[in-house]
Amino acid sequence: MRTPRGVTLWLALWRVAHDLERVARADVAALGLCLSDFAVLEALLHRGPQPVSAIAETVMLTSGSMSTAVDRLEGRGLVRRAQDSRDARVRLVDLTPEGRALIEPAYQAHAATMDASFAALGEAERAELLKTLLALRCDARQKQVSR
């Protein structure tokens, strides 16, 4: 078998990512959330209170989209903004008790759904896939910086 070209690999990766994203979107839509709102809540659950800019980088949203997401979540009573006690210029976003009550079980259910989405791979294959994807991401980011 011939070694696949980069474009072939990229197309396969793109298609798989698209299919997995559809699974994830449908899973979190059952909570009345879009994928970006779920990602914000998950980031706060696992990383604690953070500035909007840090969350935006984590969940890969632009600053405008991030502000809209936080406004939407704040309007639903799931997050709150507060002044950072160490730096008055910084506003931190944190989960409210209602937000925590929503995201903790939702995250566990979503994790199970995503585990099932990778059931075709064994443990060693999953580990190797993660290693490969991280190497590709690192290389892609280095190429972005050097351009």
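**Entry 1: a helix pair**

I began with helix α1 (residues 6-29) and helix α5 (residues 97-117), which pack at an angle of about 155° with their axes 10 Å apart. The model is predicted; local features need pLDDT of at least 70, side-chain atom pairs count only at pLDDT 80 or more, and totals for chains, interfaces and linings use all residues. Residues are numbered from 1 along each chain as its sequence is written, and side-chain values use heavy atoms, with hydrogens and water left out.

Helices here are DSSP runs of H or I with at least four residues, strands are runs of E with at least two, and both are numbered from the N terminus. Axes are lines fitted to C-alpha atoms, for helices over the stretch in contact, and angles run from 0 to 180 degrees between N-to-C directions.

I noted α1 and α5 as roughly antiparallel (angles over 145 degrees). Their crossing is right-handed, meaning that the near helix is turned clockwise from the far one by less than a right angle.

Which residues make the contact (heavy atoms within 4.5 Å)? From α1 I listed L20, V23, A24, D27 and V28; from α5, A109, H110, T113, M114 and S117. By class, I have 6 nonpolar, 3 polar and 1 charged residues. Ala, Val, Leu, Ile, Met, Phe, Trp, Tyr, Cys and Pro count as nonpolar, Asp, Glu, Lys and Arg as charged, and the others, Gly among them, as polar.

**Entry 2: D37**

I looked up D37 next, in helix α2 (residues 35-47). Is D37 buried or exposed? D37 is buried, at a relative accessible area of 3%. The cut-offs are under 20% for buried, over 50% for exposed and partly exposed in between, with a 1.4 Å probe and protein chains only.

Setting aside neighbours within four places in sequence, I found D37 in contact with A69, R72 and L73.

**Entry 3: M60**

M60 sits in the loop between α3 (52-59) and α4 (63-75). Its phi is near 60°, a positive value in a residue other than glycine. Most residues other than glycine have a negative phi. M60 is exposed, with a relative accessible area of 66%.

**Entry 4: whole chain**

I counted 6 helices and 3 strands. Their order along the sequence is α-α-β-α-α-β-β-α-α. Of the 147 residues, 22% count as buried.

Conventions:
Contact = heavy atoms within 4.5 Å. Parallel < 35°, antiparallel > 145°, perpendicular 65-115°, else oblique.
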